Amino acid sequence: MFVTPGLLYLLASVAFSVTVAVLLKLARRHDIDVRQAIAANYAVTAALTWLMLNPSTKQLASAGQAWGLLLALGLLLPSGFMAMAQSVRHAGIVRSDAAQRLSLFLPLLAAFVLFGEPLTLRKAGAMALAFTALFCVLRRRAPAAATSADGRAWLWPLGVWLAYGVVDVLFKQVAKTGAAFPGALLIAFALSGVFMTGYLLLRRTEWQVRHLLAGVALGAANFGNIVTYIRAHQALPNNPALVFSTMNMGVIAVGTVVGALVFRERLSGLNLLGLVLAGAAILMMMP
């Protein structure tokens, strides 16, 4: 089988996405302050966006026309990242990655409810499968000696689903204003870093180099996920459905393997059914 550049970009994007979750999982083991790591992550992603995507002055100016949306993104992006960190810690990589990937159905729901897009039978079926999958994935039978915090662990992946879904809606609205993606991405990352740093300063956080270095690794993986996904779409311009489905199903599949084999995360039969339904919902969304 001939391996194309587009396929390589897709595989790299899947690997980077799962790496972000793995780094967040390892942060707890090594007593890393995830808040500081997330702040450093946005400094890195903003710098890499500037260097590699090279937004022009015109693109930055066009993005500046959507300041309200970009300010909302600046607040919501680090909030979603914090939810992801807590979700990976309390609910595991498998559930967190699945919740993040299923968040793509929230913009679809918003299109019907808020923006008046007509509802087709196929899209309605895909959403029904997605919400059923989300319920199955989040369902967790607590052990006998579970604390109340364990019993609420499902709230974190639900927060991931909501945060990433709303971020997707906001980015789509930014695009509708005519803002160029590189410029909007740079401004959103810069604002996220400013807001996260401001929050930590208000909390009188004691900064440590090792937490910031962890954020450098996190930012590199985060940006790697974004840029390889963009490159995959550019390399496969006639196959957006292939990129869409491979990316989302790939992250769920690889995240499941890593979570089960490396971190010994246990899944119930209902959780596994949820992963299968998530894949079916994603496939159903393909043209």
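Start by selecting Trp-50, Leu-51 and Met-52: together they make a nonpolar surface patch with about 360 Å² of accessible area. A patch here takes residues with over 30% relative accessible area and no salt bridge, joining like charges within 9 Å and nonpolar side chains (Val, Leu, Ile, Met, Phe, Trp, Tyr) within 5 Å. The areas come from the Shrake-Rupley method with a 1.4 Å probe, and for residues only the protein chains shown count as cover.

Before you click on, know that this is a predicted model, in which local features need pLDDT of at least 70 and side-chain atom pairs count only at pLDDT 80 or more, while totals for chains, interfaces and linings use all residues. Residues are numbered from 1 along each chain as its sequence is written, and side-chain values use heavy atoms, with hydrogens and water left out.

Now pick out Met-52 by itself. Met-52 sits in helix H2, residues 34-53; helices (H or I, at least four residues) are DSSP runs numbered from the N terminus. Met-52 is partly exposed, at 46% relative accessible area (buried is under 20%, exposed over 50%, partly exposed in between, with a 1.4 Å probe and protein chains only).

Next, the salt bridges. One counts when a side-chain nitrogen of Lys or Arg is within 4 Å of a carboxyl oxygen of Asp or Glu, and that rule gives 4 salt bridges. Side chains of opposite charge can pair when their charged atoms come close.

Select Lys-25 and Glu-265, a salt bridge with its closest N and O atoms 3.5 Å apart. This pair ties together distant parts of the chain, 240 residues apart: Lys-25 is in helix H1, and Glu-265 is in the loop between H12 and helix H13 (269-284). Lys-25 is buried at 16%, and Glu-265 is buried too, at 12%.

Then try Arg-35 and Asp-33, whose side chains meet in a salt bridge at 3.1 Å, N to O. Here Arg-35 is partly exposed at 21%, whereas Asp-33 is buried at 17%.

While you have helix H1 in mind, find Gly-6 there. Gly-6 is buried, with 2% relative accessibility. Val-227 and Ala-12 are 215 residues apart in sequence, but 9.8 Å apart from C-alpha to C-alpha.

Last stop: the largest pocket, with a volume of about 1500 Å³. Of its 48 lining residues, the closest to the centre are Tyr-164, Asp-168, Phe-171, Lys-172 and Tyr-229. A pocket is an open set of points on a 1 Å grid over the protein atoms alone, where a 1.4 Å probe fits, with protein on both sides within 12 Å along at least five of seven lines; lining residues have an atom within 4 Å of a point. Grid points are joined across faces, edges and corners, and the volume is the space filled by probe spheres set on the points.

Which helix gives the most to the lining of this pocket? Colour H9, which supplies 11 residues. By class, the lining has 32 nonpolar, 10 polar and 6 charged residues (Ala, Val, Leu, Ile, Met, Phe, Trp, Tyr, Cys and Pro count as nonpolar, Asp, Glu, Lys and Arg as charged, and the others, Gly among them, as polar).

Finish on Lys-172 and Asp-168, whose side chains form a salt bridge at 2.9 Å, N to O. Both lie in helix H9, 4 residues apart, about one turn of the helix. Lys-172 is partly exposed at 44%, and Asp-168 is partly exposed at 25%.

Notes: Helices (H or I, at least four residues) and strands (E, at least two) are DSSP runs, numbered from the N terminus.
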